[in-house]
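I'm jotting down what I look up as I go.

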Amino acid sequence: MNFQELIASPHKRFNPLLQEWVLVSPQRTQRPWQGEVGKPSQPSSVTYDPNCYLCPGNKRAGGVQTPRYTETYVFDNDFPALLPDGDSQHCDEEGLLVAERERGICRVLCFSPRHDLTIPRMSARELRGVVDAWTEQFSAPAQISWIRHVEIFENRGELMGASNPHPHCQIWANATLPNLPARESKSLRDYAVEKRLCLLCDYLQVELQRGERVVCQNEAFAVVVPFWAIWPFETLVLSKRHVGSLDHLRGGERDLLGDVLRRITIRYDNLFETAFPYSMGFHQRPTDGEAHEEWHLHAHYFPPLLRSATVRKFMVGYELLGTPQRDLTPESAAGRLIEAGETHYLDRAPL
Ligand code: H2U
Ligand code: ZN
């Protein structure tokens, strides 16, 4: 059976980064929908919100005053999920009740003093400021001897649990590799040992040759709907040069990272003419003091929306109990994102 025939009927695809399968059921996209319908969300319409704890000059929940910042602004999370102090502690009862103390640092980074300014609507200069701030927020905790991993992630929109529309992300830096980066790390290492090559450099070449899942690209980055995507409009942002972390990017590449993130998020907003919700984050080399030449910098976007600004995908039933599953093929999703264009729907001239 040829490849096109195979992927036209129910099949499973392999994710070589996580070493797991996703079930694809292309024939199911026509099924009727009578499920939950929520309300579409639009970007905030005010540049300053007196009740926003991230707007300049306002009080945060713990009583600290946010300064009158003019570009990006970083602070220690007032409600951190991890704490930096404490000795290592371990308990193991019968190999079944196993626990370890986990130390870490949690920060919040505001992208802009403007309450309404999201990544798809920022200028090249503002985006460069955000990329520089991400780089600094990777490099600074990476210098701390006990920090072995730094996760930079953005929750956008209420649907994804963002607590506030003010453009911001979080940084969690901790003492051990989290589950998913640990699995990716092993896959990258195994591939490098076996083939003397990089899994993601090779994967990028395959995608660039075939073209059908490439949504947009510039000289330094490409955005693809990965062959093994789980979320309907999931994308993977790959650096074209083999670098393991943001701090190894050159100045021009930092500008191009801002450019590609603006372009993919415009496409997302345009899909359903909404402030498109997602969780996104960077995966970078562990910061345990080793070189980690096998690591390849990338970002994942995991958006929940499926067929409109209000109908979203949930991981339920078979997906919770068996294997993740999707109806919309990654090729169709890429086609929709390609069609969505790069002029933001709010900037289009009225007809
Ligand atoms: P999210 O929107 O992704 O939840 O990120 C906002 C973070 O801001 C969240 O982790 C923190 C929350 O703990 N926060 C403060 O540090 N200070 C506040 O006054 C409110 C929220
Ligand atoms: Zn605000």
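**Entry 1: the metal site.** I looked up the zinc ion (ligand 2) and found it coordinated by Cys 52 (SG), Cys 55 (SG), His 115 (ND1) and His 166 (ND1), at 2.0 to 2.3 Å. Donors here are N, O and S atoms within 2.8 Å of the metal (3.2 Å for Na, K and Ca), and water is not among the atoms, so sites may look incomplete. Along the chain, the donors of this zinc ion are spaced C-x2-C-x59-H-x50-H. Cys 52 and Cys 55 are both buried (under 20% relative accessible area; exposed is over 50%, partly exposed in between, with a 1.4 Å probe and protein chains only).

**Entry 2: a note on the source.** This is a predicted model, where local features need pLDDT of at least 70, side-chain atom pairs count only at pLDDT 80 or more, and totals for chains, interfaces and linings use all residues. Residues are numbered from 1 along each chain as its sequence is written, chains are lettered from A and ligands numbered from 1 in the order in which they are written, and side-chain values use heavy atoms, leaving out hydrogens and water.

**Entry 3: helix 3.** Helices (H or I, at least four residues) and strands (E, at least two) are DSSP runs, numbered from the N terminus. Which residues of helix 3 are buried? I noted Pro 181, Glu 184, Ser 185, Ser 187, Leu 188 and Tyr 191. Just after helix 3, I found Arg 196 with a positive phi of about 60°.
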